[in-house]
Amino acid sequence: MMLSKGLKRKREEEQEKETLAVDTWWLDPSLPAVAQAPPPATSSSLFDLSVLKLHHSLRQSEPDLRHLVLVVNTLRRVQASMAPEPTLPPMPSPSAAPCVADSLLASSDAALSASMASLLEDLSHIEGLSQAPQPLVDEGLPGRPAGGSPPSLGALDLLGPATGCLLDDELEGLFEDIDTSMYDSELWAPASEALKPGPEDGPGKEEALELDEAELDYLLDVLVGTQALERPPGPGR
Amino acid sequence: MVLQPSERYHRDWSHRRLGPWCSPTGSPAPLSCETGCGEGSWILVCRLLVPTQVSLLSMEEDIDTRKINNSFLRDHSYATEADIISTVEFNHTGELLATGDKGGRVVIFQREQESKNQVHRRGEYNVYSTFQSHEPEFDYLKSLEIEEKINKIRWLPQQNAAYFLLSTNDKTVKLWKVSERDKRPEGYNLKDEEGRLRDPATITTLRVPVLRPMDLMVEATPRRVFANAHTYHINSISVNSDYETYMSADDLRINLWNFEITNQSFNIVDIKPANMEELTEVITAAEFHPHHCNSFVYSSSKGTIRLCDMRASALCDRHSKFFEEPEDPSNRSFFSEIISSISDVKFSHSGRYIMTRDYLTVKVWDLNMENRPIETYQVHDYLRSKLCSLYENDCIFDKFECVWNGSDSVIMTGSYNNFFRMFDRNTKRDVTLEASRENSKPRAILKPRKVCVGGKRRKDEISVDSLDFSKKILHTAWHPSENIIAVAATNNLYIFQDKVN
C-alpha cells in the first residue's frame, strides 16, 4: 500500500516542505486518445490512498463535507476504472495484476460501499435522536429558525458525532443500539409505573427499573460522546 | 507599520516611494497603460502583523493614539496558529481593511489620512480596531467543537458615522458595529468621575452633564447574532444590494436573512439529497448580484455555477442559468473533478461578468453565455503533472480566492510559495509577484517572479520542485477604486501599491 508521506489532519496548517516527484497521469482507459492504460498497480495505490483519506476524513469529529464528497467521487472513479474492462489493451504484466485488482475489489468494494452508504445514510438518521433544541451559545438571542418555506430548515439535520469515530461494522452496531424502539413504552413505562405505589409490584419491577436506568445512562453517555462504545448491559440486540 | 512579534514594534518606512500611482480623483487608471502589470511596478506599502501581545505594542508618537482593545490579545510573544489570517476585505470606500483570523479575531486597519506634512504616508494602513468576533464553542448535543475561525467578513455600505460588518465562522454570522467615540459626558449628578455612586445626601446642587472631548476610542459591539440556521459549514456570506438582506451559504443550503431579524431565515437553496448516500456535489461559494437584488450565483464542487432568480420561486431549486464548461478530453484524469471544484466566485463590479477560481485556473464568464467562459487564465499549470502528490498531501483541496480590481480590468489570485498572480484582461499580460519578507528590500520595486517548468533554469527562476507548498496565498483583496492590494500570507498582511514614476 502506497503511503510514502504521512497524511495530516485537516487542521494542521504546517505542511512539511516537500519536493514533489513528477507523477504520471491516470487516464481513463476507455478514451481512444489515451496512449496507454494505467498499470493496475498505480490505480490500486490511488485506490488505497483514497480509502485511507476517506477513513481519515470520517474520523474527524465533523468531516469536511466537500473534502469527503470529492474523495468519494474520486474513489468511485478509480473503482470504476479498476473493474475489468474488455476494451483494455493486453497488459504485459503477469496475471497477478488482475488478481490484485479483483481481490481489492472483492475485499473492499462491498464493505466500502456498504459503509459509505450506511454512513451517509445514518448521518441523516441522527436527526431523530436530537429532539432537544440546540444549546444557546451566543449572547442569549433565541436562535430557533422558523423559515417561511419548507421544513428543511425547521428540522435541522445533524451530522452526528458518533460517526466520527466509527468505521464499517461498528457503525451498524451503534445504530442498532440507538433506535426508536428504545423510546417506546417498554422502556419508559416500567419506570413510571415503578413510581406509583404498588405493593404487589415486587422485586420484578425494581429489577426492570434498574435495567432501564442503566440503558438510559448508557444512551445519554453515548449521546454526549463521553463513553467509549461498548455493548450496553441488557437484553441482547 | 512593520510589527515584529518578538521585538518592539517599529515603523519601517524604508520601502516607501513617493506618490501612489493613481489619478487625483482616486479612480484607477488602467493597469495596462504606462507601466502595465507585467513590468514590476508594484511596491510594498507596509507589512502588518496581527498583534499578539499588547505589551509589545509601543505607540509611536505620531501613530494613532487610539486605544486598542487589549482584552482579547493573546499571551504568546510569538505568532501562533491562531494568528493565521483567514479572510481579508476592504470596505466600500477602501478606507478600512478588515482581516479575520483562525483565532476568531477581527482586526480592522484604517488608511492613514492624507496630510500636507507627511504626504508619503498616504496609503499606509494602521490598526484601527481589534475585537474577538467568535469564540470557540462546544456543541454538547453533538459532541462537536465549533471552530472560531472567521471564514468570511463582508462590509455593509456605510449609512451613518458607524461602520458595520458581517463576520462568520462555520455556524454563526454576527453583525458588528464599529464606532468612534471621542466625547464623553462629564458632570453627572449621581455618579462621580470614576463612576461610583454618590451619596444623594451629599448632593446640594444640580448640574447639567456636558460632553467633553476625550481620546478617540474605537469600540466594536455585536449588534445581531444569526445563529442555529446552518447544519453544515458556512463558506460564504453576501450582502444584498438592497442593504436589507444578506445570504449565508453552507455546503448544502443557502439561507436569506433580514438584518433586523435574527430568529428566522428563509432557505432559498437546498441541494441536500433525500438519501445522503446520493450526495455527490456541495455548494462551495455564493454571491449576490451587485445591482439586481433578486439575483445571485452559487458555485459547486463539480465546477458548475448557477444563477438564480428569487422572484421565480421561494425555493430556488431551479436555476435561471447554468454555467459549465465541457470537460477537455485530453486533460481528463482521476482528479478532473477535484481540480474543477470552484473555490471562489465573484461578480464583476459591473455585474456583467462572474469570475471563478478552480484549482489551476481563473475563468471569466459572461452572464449571457452559459456554455463556456469567455476567458481562462492559467494560474499554475505546472502543477498539472503533480496532481497525485498534491492529492496525497491534500494541497489539491486548497481553496484559493480571486478578486477584481475596481475597473474590472485586472484580476488577481494567489498561488503557492507566497506567490500571487495578476492578469490584465485587456493586454492579456500577467505577472507573478511574491509576498515575503526576504524579498522586500527597501526602496525596491517588487520583482516579477517566474517558475521554471523544465529544462534550463534561469538565474532568477525557481523550479517547480523547490516551491514551498506550505506557503499559500489564499486570501487577497483589492481596493475598490485604487491600485492598492492586500495579500494575506499566513499571519502577515502585505499591502502593496502600484507606483508611478
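Me: In this predicted model, is helix 2 of chain A largely enclosed by the rest of the structure or open to solvent, and how many of its 18 residues are buried?
Reply: Helix 2 of chain A is largely enclosed by the rest of the structure. Of the 18 residues in helix 2 of chain A, the number buried is 15.

Me: What distance does helix 2 of chain A reach from its first C-alpha to its last?
Reply: Helix 2 of chain A has 18 residues, and at 1.5 Å a residue the expected reach is 26 Å. The computed value is close to that expectation. From first C-alpha to last, helix 2 of chain A reaches 25 Å.

Me: Which residue places a side-chain oxygen within 3.2 Å of the backbone nitrogen of Arg66(A)?
Reply: The contact belongs to the start of helix 2 of chain A, a helix that covers residues 65-82. A side-chain oxygen reaches to within 3.2 Å of the backbone nitrogen of Arg66(A), and the residue that supplies this oxygen is Asp64(A).

Me: What is the C-alpha separation between Val72(A) and Lys53(A)?
Reply: Val72(A) lies in helix 2 of chain A and is buried, with a relative accessible area of 6%. Lys53(A) is 19 residues away from Val72(A) along the chain. The C-alpha atoms of Val72(A) and Lys53(A) are separated by 9.3 Å.

Me: How many strands does the secondary structure of chain B contain?
Reply: Chain B has 501 residues, of which 60% count as buried. Among its contacts with a separation of 6 or more, 57% come from residues 24 or more positions apart. The secondary structure of chain B includes 2 helices, and its strands number 32.

Me: Which strand of chain B is joined to strand 1 of chain B by 7 bridges?
Reply: Strand 1 of chain B, residues 42-49, has 8 of its 8 residues buried, so it is largely enclosed by the rest of the structure. Its partner runs antiparallel to it and covers residues 492-498. Within this pairing Arg47(B) stands opposite Tyr494(B). The partner joined by the 7 bridges is strand 32 of chain B.

Me: Which backbone oxygen does the side chain of Ser86(B) reach at 2.5 Å?
Reply: Ser86(B) lies in strand 2 of chain B, residues 85-90, and counts as buried at 6% relative accessibility. Leaving aside neighbours within four places in sequence, Ser86(B) is in contact with residues including Gly100(B), Lys149(B), Asn151(B) and His475(B). The backbone oxygen reached at 2.5 Å is that of Ile150(B).

Me: What C-alpha distance separates Thr130(B) from Ile108(B)?
Reply: Thr130(B) is part of strand 5 of chain B, residues 125-132, and is buried with a relative accessible area of 2%. Ile108(B) is 22 residues away from Thr130(B) along the chain. The separation of their C-alpha atoms is 6.2 Å.

Me: Is Asn228(B), which has a positive phi, buried or exposed?
Reply: Asn228(B) is a residue other than glycine, and its phi is near 60°. Its place is in the loop between strand 11 and strand 12 of chain B. At 18% relative accessibility, Asn228(B) counts as buried.

Me: What is the phi of Lys428(B)?
Reply: Lys428(B) lies in the loop between strand 26 and strand 27 of chain B. With a relative accessible area of 48%, Lys428(B) is partly exposed. Although Lys428(B) is not a glycine, its phi is positive, at about 65°.

Me: How many disulfides are there over all chains?
Reply: A disulfide requires two cysteine sulfur atoms within 2.5 Å. For Cys308(B), the nearest cysteine sulfur is that of Cys316(B), 5.1 Å away, and Cys308(B) is in no disulfide. Cys308(B) counts as buried at 1% relative accessibility. Over all chains the count of disulfides is 0.

Terms used
Residues are numbered from 1 along each chain as its sequence is written. Chains are lettered from A and ligands numbered from 1 in the order in which they are written. This is a predicted model: local features need pLDDT of at least 70, side-chain atom pairs count only at pLDDT 80 or more; totals for chains, interfaces and linings use all residues. Side-chain values use heavy atoms; hydrogens and water are left out. Buried means under 20% relative accessible area, exposed over 50%, partly exposed in between (1.4 Å probe, protein chains only). Helices (H or I, at least four residues) and strands (E, at least two) are DSSP runs, numbered from the N terminus. The expected span of a helix is 1.5 Å times one less than its number of residues. A polar contact is a pair of N or O atoms within 3.5 Å; within protein, one must be able to donate a hydrogen and the other to accept it, and residues adjacent in sequence count only if both atoms are side-chain atoms. Two strands pair if DSSP finds at least two bridges between them. Contact means heavy atoms within 4.5 Å.
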